Amino acid sequence: GQVSAMYHLGCMYRDGHGCKKDLKAAYSWFKKGSIQKHQTSCIKFKKLEEGGKVFTRAKLASTLPSKI
């Protein structure tokens, strides 16, 4: 669905697959997926936001949006 596409667009922009590498665009697409509660998007969004730091499950759970 749309959420999966948001995640994949984020990956494409992050890695420069089929497009010019653009971390701002990747961040934006991962954020959109995170708002829709796509767990992998949340992880990638937070990694970009925090400069690549790894999050624990508890910390990740606290970053998930409570409402859409």
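## Salt bridge

A salt bridge is a side-chain nitrogen of Lys or Arg within 4 Å of a carboxyl oxygen of Asp or Glu. In this predicted model, a search of the whole structure finds 1 salt bridge. The side chains of Arg-14 and Asp-15 form this pairing, with an N to O distance of 2.8 Å. Side chains of opposite charge can pair when their charged atoms come close.

Both partners fall in the partly exposed class. Arg-14 is partly exposed because its relative accessible area is 22%, and Asp-15 is partly exposed because its relative accessible area is 38%.

## Nonpolar core

The largest nonpolar core consists of 5 residues: Tyr-7, Cys-11, Ala-26, Phe-30 and Phe-45. At least two residues of this core come from helix H1 (2–15), and at least two come from helix H2 (23–35). In soluble globular proteins, nonpolar side chains tend to be buried together.

When residues up to four places away in sequence are not counted, Ala-26 touches Gly-10, Tyr-13, Arg-14 and Leu-48.

## Helix H2

Helix H2 has 13 residues, and at 1.5 Å a residue these should span 18 Å; the end C-alpha atoms are 18 Å apart, so the two values agree. At the start of the helix, a side-chain oxygen of Asp-22 comes to within 3.1 Å of the backbone nitrogen of Lys-24. Just after the helix, Lys-37 adopts a positive phi of about 65 degrees.

The buried residues in H2 are Ala-25, Ala-26, Phe-30, Gly-33 and Ser-34. H1 and H3 are among the elements that cover the buried residues of H2.

His-38 is located in the loop between H2 and helix H3 (39–49). The side chain of His-38 makes a polar contact of 2.9 Å with the side chain of Ser-41. With neighbours within four places in sequence left aside, His-38 is in contact with Val-3, Tyr-7 and Gly-33.

Lys-46 is part of helix H3. The relative accessible area of Lys-46 is 15%, and this residue is therefore buried, since buried means under 20%. Lys-46 and Ser-34 are 12 residues apart in sequence, and their C-alpha atoms are 9.3 Å apart in space.

Technical notes: Residues numbered from 1 in each chain as written. Predicted model: local features only at pLDDT ≥ 70, side-chain atom pairs only at ≥ 80, totals over all residues. Heavy atoms only, no water. Core = buried A, V, L, I, M, F, W, Y, C linked by side-chain atoms within 4.5 Å. Buried < 20%, exposed > 50% of the residue type's maximum accessible area, 1.4 Å probe, protein only. Helix = DSSP H or I, 4+ residues; strand = E, 2+ residues; numbered from the N terminus. Contact = heavy atoms within 4.5 Å. Polar contact = N/O pair within 3.5 Å; in protein donor to acceptor, adjacent residues only side chain to side chain. Expected span 1.5 Å × (residues − 1).
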